[in-house]
Protein chains: 2
Amino acid sequence: MPDPTPASLPAPPYYAVVFTAVLSGAAAEGGPDGYQETDDRLMKLAADQPGFLGVDAARRADGLGVTVSYWRDEESIAAWREHMEHALARAYGREHWYASFALHVAKVERSYGFTSGPATPRP
Amino acid sequence: MPDPTPASLPAPPYYAVVFTAVLSGAAAEGGPDGYQETDDRLMKLAADQPGFLGVDAARRADGLGVTVSYWRDEESIAAWREHMEHALARAYGREHWYASFALHVAKVERSYGFTSGPATPRP
């Protein structure tokens, strides 16, 4: 599980990919067979891709998870989408892990941040 | 807690507001004093605003939560931002509930969905 701080990002514009997914079957901690290992592995792989800027992710006890990854541009999103291991995991996930999911690709136009103590608006 | 399904949305374009927040102090289920009641109340209020399209939200045991709300246009986001009760809750939250947060306003350019069984790409 990543550090409990929001992803640290450059000034907009950049892209956000919102992935909301519901795990099928027992939505226990860690998810169904092979899910957590693959998720961890993909997070590490994604972080190594050109244009990857950061990720914020959380999952509820009922199995619904929200993962927002941030990318420099459309090209870096497209390249990650076509990465073989990522593509295989998506196909496997549709068969075995997910009851449903939705994916939204969005261009971030502005962003603000706050850390307790003095307010620190982002550029 | 909402239903464990991703928000059902119209075809893009629409807007996503990504709110990633870390609760301060004990990040127990429910969060610090008054947090959960206010969060529930604001979710209901948001759902009644013109232009509100849906929300996906999850929180981790370590206190980091990701809430993505979806809106028809910039105007509906601006109106919700200026809603008195929402503004008061934001000010109170900065003082009492949040160790840190980040907010990203983004225009969704494309979206896909899947429900187990036959694939159902969105328009």
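This is a short tour of a predicted model, stop by stop, for use with your viewer open.

Before you click: residues count from 1 along each chain as its sequence is written, while chains are lettered from A and ligands numbered from 1 in the order in which they are written. Local features here need pLDDT of at least 70, side-chain atom pairs count only at pLDDT 80 or more, and totals for chains, interfaces and linings use all residues, with side-chain values based on heavy atoms and with hydrogens and water left out.

**Stop one: Thr20(B)**

Select Thr20(B), which sits in strand S1 (residues 14–23) of chain B. Helices (H or I, at least four residues) and strands (E, at least two) are DSSP runs, numbered from the N terminus. Thr20(B) counts as buried because its relative accessibility is 0%; buried means under 20% relative accessible area, exposed over 50%, and partly exposed in between (1.4 Å probe, protein chains only).

Now show Asp56(A): its side chain makes a polar contact with that of Thr20(B), at 3.1 Å. Such a contact is a pair of N or O atoms within 3.5 Å; within protein, one must be able to donate a hydrogen and the other to accept it, and residues adjacent in sequence count only if both atoms are side-chain atoms. Leaving aside residues up to four places away in sequence, Thr20(B) also touches Pro6(A), Tyr70(A) and Leu64(B), among others. Contact means heavy atoms within 4.5 Å.

**Stop two: the proline pair**

Step back to Pro13(B), in the segment before S1 of chain B.

**Stop three: helix H3 of chain B**

Select residues 84–96 of chain B, the 13 residues of H3. Which of the residues in H3(B) are buried? Colour His86(B), Ala89(B) and Gly93(B) to see them.

The buried residues pack against helix H1 (35–47), helix H2 (74–82) and strand S4 (98–115) of chain B. To see where H2(B) meets H3(B), show Trp80(B), Arg81(B) and Glu82(B) alongside Met84(B), His86(B), Ala87(B) and Arg90(B).

Conventions
Expected span 1.5 Å × (residues − 1).
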